[in-house]
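Take a look at the model below.

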Amino acid sequence: MFSVVCILAVLYLTLVPRPLPDMDIPLFPGADKVVHAIMMMGIMLCLSFDYMRKKRNPQKKAPLVILLLFLIATIAFGGAIELLQGLMAMGRGEDVYDFIADAAGAIIGFIITIVAWRRILIWLQECN
């Protein structure tokens, strides 16, 4: 459920021409790249969290293959958004640096997931 909400929010924020009202807040150069990274990190973390919630036996190690598939899917999702932005011609355009930021955010989310999973396993072992 978290994944669906996060994906829909990212689609809205990235594909609607003006998803947020104009603000007079000055941003630092490259702020949009940070936002792209945070969005893809959020998707990766939501996919991982939803998977962990549904996993029947949390005592096992993190299924690296599943998490790698989530990583690849998240990076591909970021790439697809960039391509769609270029095709829509609604004031948005594709940017290779946005895609790089998307991939970086997904990788950071992957690393956070691996670290969190290991800590959860250690905590579960200590509780038993």
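The largest cavity holds about 40 Å³ of space. This is a predicted model. Searching the whole structure turns up one cavity of 30 Å³ or more.

What lines the largest cavity? Thr14, Leu15, Val16 and Pro17 do, together with Gln85, Met88, Ala89, Met90 and Arg92. Two elements, α1 and α3, each give two or more residues to this lining. Sorted by class, the lining has six nonpolar residues, two polar ones and one charged.

Now turn to the two helices themselves. Helix α1 covers residues 2–15, and helix α3 covers residues 64–88. Their axes come within 10 Å of each other. They cross at roughly 30 degrees. Angles under 35 degrees count as roughly parallel. α1 and α3 are therefore roughly parallel to each other. Their crossing is right-handed.

Which residues make the contact? From α1 come Ile7, Val10, Leu11, Thr14 and Leu15. From α3 come Phe77, Ile81, Leu84, Gln85 and Met88. By class, eight of the residues in this contact are nonpolar and two are polar. None is charged.

Go back to the cavity with that contact in mind. Thr14 and Leu15 of α1 take part in the contact, and Thr14 and Leu15 also line the cavity. On the α3 side, Gln85 and Met88 belong to the contact, and Gln85 and Met88 are among the lining residues too. The lining includes one charged residue, whereas the helix contact has no charged residue.

Conventions. Residues are numbered from 1 along each chain as its sequence is written. This is a predicted model: local features need pLDDT of at least 70, side-chain atom pairs count only at pLDDT 80 or more; totals for chains, interfaces and linings use all residues. Side-chain values use heavy atoms; hydrogens and water are left out. Axes are lines fitted to C-alpha atoms, for helices over the stretch in contact, and angles run from 0 to 180 degrees between N-to-C directions. Helices (H or I, at least four residues) and strands (E, at least two) are DSSP runs, numbered from the N terminus. Angles under 35 degrees count as roughly parallel, over 145 as roughly antiparallel, 65 to 115 as roughly perpendicular and the rest as oblique. A crossing is left-handed if the near helix is turned anticlockwise from the far one by less than a right angle, and right-handed if clockwise. Contact means heavy atoms within 4.5 Å. Ala, Val, Leu, Ile, Met, Phe, Trp, Tyr, Cys and Pro count as nonpolar, Asp, Glu, Lys and Arg as charged, and the others, Gly among them, as polar. On a 1 Å grid over the protein atoms alone, a cavity is a set of points where a 1.4 Å probe fits but cannot get out, and a pocket is an open set with protein on both sides within 12 Å along at least five of seven lines; lining residues have an atom within 4 Å of a point. Grid points are joined across faces, edges and corners, and a volume is the space filled by probe spheres set on the points.
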